[in-house]
Protein chains: 2
Amino acid sequence: MTDRPPVAAGDRTALARLLSQVERGTAEAPADDGAAYVVGITGAPGAGKSTLTNALLRVVRDCGERVAVLAVDPTSPFTGGSILGDRLRMQDHATDDGVFIRSMATRGHVGGLALAVPDAVRVLAAAGWPWIIVETVGVGQVEVEIAGRADTCVVVVNPGWGDAVQASKAGLMEIGDIFVINKADRDGAAQTRHDLASILELTDRRPPILDAVATDGRGLTELWAAIAEHRAAIEVSGELARRRAARRVDELRSLVSRRLERLARAAAGDDAWRAAEDDVAAGELTPAAAADRLLASLRAGDVPGA
Amino acid sequence: MTDRPPVAAGDRTALARLLSQVERGTAEAPADDGAAYVVGITGAPGAGKSTLTNALLRVVRDCGERVAVLAVDPTSPFTGGSILGDRLRMQDHATDDGVFIRSMATRGHVGGLALAVPDAVRVLAAAGWPWIIVETVGVGQVEVEIAGRADTCVVVVNPGWGDAVQASKAGLMEIGDIFVINKADRDGAAQTRHDLASILELTDRRPPILDAVATDGRGLTELWAAIAEHRAAIEVSGELARRRAARRVDELRSLVSRRLERLARAAAGDDAWRAAEDDVAAGELTPAAAADRLLASLRAGDVPGA
């Protein structure tokens, strides 16, 4: 887990540039992500995911592990480039060669987040980062799916009435391998633990539920131990291989969709495509009728090569 | 705006059943949504969107208008079916024939939310509901896009440092036609108004920023007036027609993607598709190589009819 990277890991500028190119679709991501272990951290906005991630980085570094963070969460202080600026920055790790932090906007990716995140993970893996933390907000169809595809998925909730229920409605119960009640020094932690356990019982699962106070580092060593334990367990049981297989198949489907759309455009021709869109826009054609028309050429097999 | 519905609007059971069938893909949605006016309400979880919607319903009903609500937000108390149940229910409107409330889960739709929401909107429009409020959470790539496609999009923020910045990072500045500072009786409302105005200035837009206290109904009449004013303005300027055109084109693209995927499966054959997925799952083939293989038959024009 402390293997030296196959490419110059020290060259952070080159890595950042490659990530940007892959995001814009001007460079291809490498094919494999097998060497890196991916930890997803998700939960509602305000649950303290970034603070927890930041505290976890310290524990990981103390163990001598190198770690990259991919923050996809628009509400995360990791995600830079905001207009008024963020107060919390990862100053702790700014001069640490063993930490690489990258934020991704939720918009503007060719093919959307469903393709952009696995692409970025593979770039980081190929650059030799053995641990990759993917922070996504636990609200939103695509974002929850991304977190659920991590090797180990950590769901962060807070004490307080309804938080476990909201996490359940957002689909987080099914994807969490480890649950963390962050801000556990506040009122209601016991109730939240009870709610979580009740809901998980209904889904027939028994993932660990940990307490943490990320702001003072409490519970972080235990979280790191739980991640290592989950990793060991799924490596032995074959679950890790199954997850990665499912992740690759997901990605195949996203890729096929993206390429099919390009293919359909090429088949119908730009003019026909534009005409159909114009007719739909003008309300002269329903989207369904336009789809029939555009796909007719594909059905007839009149598709240009390449 | 108070037209009688073309189908029996009183038959709520039939409407609910049709919505379920369309969600599951066992019935087709009607083609047009032109008769209904769609108001999107979005914002971060906890911003008070549901309370605001609930209060707005009262104002709308006092004006004699009939209104349907589509709640896509997993954190909304409108979205029923939660495991531990919600305390807040729309009891106020339970016996009101002029209100129809429907919640949609964020998962389990054929084609995803990007297709499920416009389908449901068209079902409600065809059933004669002249106003449709779509409540989505303002976090998540798909969810923000859905809200941005409404005829009038209302963005709800709260007083407090950073809320406007978070809304900006989530992409809400670009889509809001009206901004509401809900819980405006709390500290920081003036600062939030200032932040919002600063960010909007950078995007070169001047949408109205209203104050509201949804829990006691304050500011709701003004919100309804602002919605009516925005509606009148975009009807006159042609912007409404442009928005609806863009919405239909979006839907065409989603439909084409979904049909292409079915077509590609049919073209490659179920066996070939399964074999490719197996190889990808086993790591013997990269997703990109498998996509090439699966699409080869389409490229060669070897596609079965229909």
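In the predicted model, strand 5 (residues 152-157) of chain A is mostly covered, with 6 of its 6 residues buried. Strand 1 (residues 37-43) of chain A pairs with strand 5 of chain A in the parallel sense over 5 bridges, and A:Ile41 stands opposite A:Val154. Strand 6 (residues 178-182) of chain A also runs parallel to strand 5 of chain A, the two being joined by 4 bridges. Within that pairing, A:Ile181 in strand 6 of chain A is the bridge partner of A:Val157.

These pairings belong to an open sheet of 7 strands in chain A, with the order 3-2-4-1-5-6-7 and parallel pairing. Strand 3 (99-103) and strand 7 (209-212) of chain A are the edge strands, each pairing on one side only. On average, and with direction ignored, neighbouring strands of this sheet are turned by 20° against each other. Strand 1 of chain A also pairs with strand 4 (residues 131-137) of chain A, in the parallel sense and over 7 bridges. In this pair, A:Val39 has A:Ile133 in strand 4 of chain A as its bridge partner. Helix 8 (residues 220-237) of chain A lies across strand 1, strand 5, strand 6 and strand 7 of chain A. The helix runs at about 155° to strand 7 of chain A.

Chain A as a whole has 11 helices and 7 strands. Of its 306 residues, 49% are buried. Among the contacts in chain A with a separation of 6 or more, 77% are between residues 24 or more positions apart.

A:Asp204 has 6 C-beta neighbours inside 10 Å and so counts as exposed, for which the limit is 12 or fewer.

Helix 10 (residues 270-281) of chain A comprises 12 residues. From its first C-alpha to its last it reaches 16 Å, close to the 16 Å expected at 1.5 Å a residue. The buried residues in helix 10 of chain A are A:Ala276, A:Glu277 and A:Val280. Seen down the helix axis, the buried residues of helix 10 of chain A fall within an arc of 100°, so they line one face of the helix. The exposed residues A:Asp271 and A:Arg274 are carried by the face of helix 10 of chain A turned away from its buried side. After helix 10 of chain A comes A:Gly283, with a positive phi near 80°.

Chain B likewise contains an open sheet of 7 strands with parallel pairing, in the order 3-2-4-1-5-6-7. Its edge strands are strand 3 (99-103) and strand 7 (209-212) of chain B, each of which pairs on one side only. Neighbouring strands of this sheet are turned against each other by 20° on average, direction ignored. Strand 2 (residues 67-71) and strand 3 of chain B pair in the parallel sense over 5 bridges, and B:Val67 stands opposite B:Val99 in strand 3 of chain B. Helix 4 (residues 141-148) of chain B lies across strand 1 (37-43), strand 4 (131-137) and strand 5 (152-157) of chain B. The angle between helix 4 and strand 4 of chain B is about 155°.

Between the chains, helix 9 (residues 239-268) of chain A packs against helix 9 (residues 239-268) of chain B at an angle of about 100°, with the axes 9 Å apart. Helix 9 of chain A is therefore roughly perpendicular to helix 9 of chain B. In helix 9 of chain A, A:Val256, A:Ser257, A:Leu260, A:Glu261 and A:Ala264 meet B:Val256, B:Ser257, B:Leu260, B:Glu261 and B:Ala264 in helix 9 of chain B.

Terms used: Residues are numbered from 1 along each chain as its sequence is written. Chains are lettered from A and ligands numbered from 1 in the order in which they are written. This is a predicted model: local features need pLDDT of at least 70, side-chain atom pairs count only at pLDDT 80 or more; totals for chains, interfaces and linings use all residues. A residue is buried if 20 or more other C-beta atoms lie within 10 Å of its own, exposed if 12 or fewer, and partly exposed in between; C-beta atoms are placed from the backbone. Two residues are in contact if their C-beta atoms, placed from the backbone, lie within 7 Å. Two strands pair if DSSP finds at least two bridges between them. Axes are lines fitted to C-alpha atoms, for helices over the stretch in contact, and angles run from 0 to 180 degrees between N-to-C directions. The expected span of a helix is 1.5 Å times one less than its number of residues. The arc is that of the directions from the helix axis to the C-beta atoms. Angles under 35 degrees count as roughly parallel, over 145 as roughly antiparallel, 65 to 115 as roughly perpendicular and the rest as oblique.
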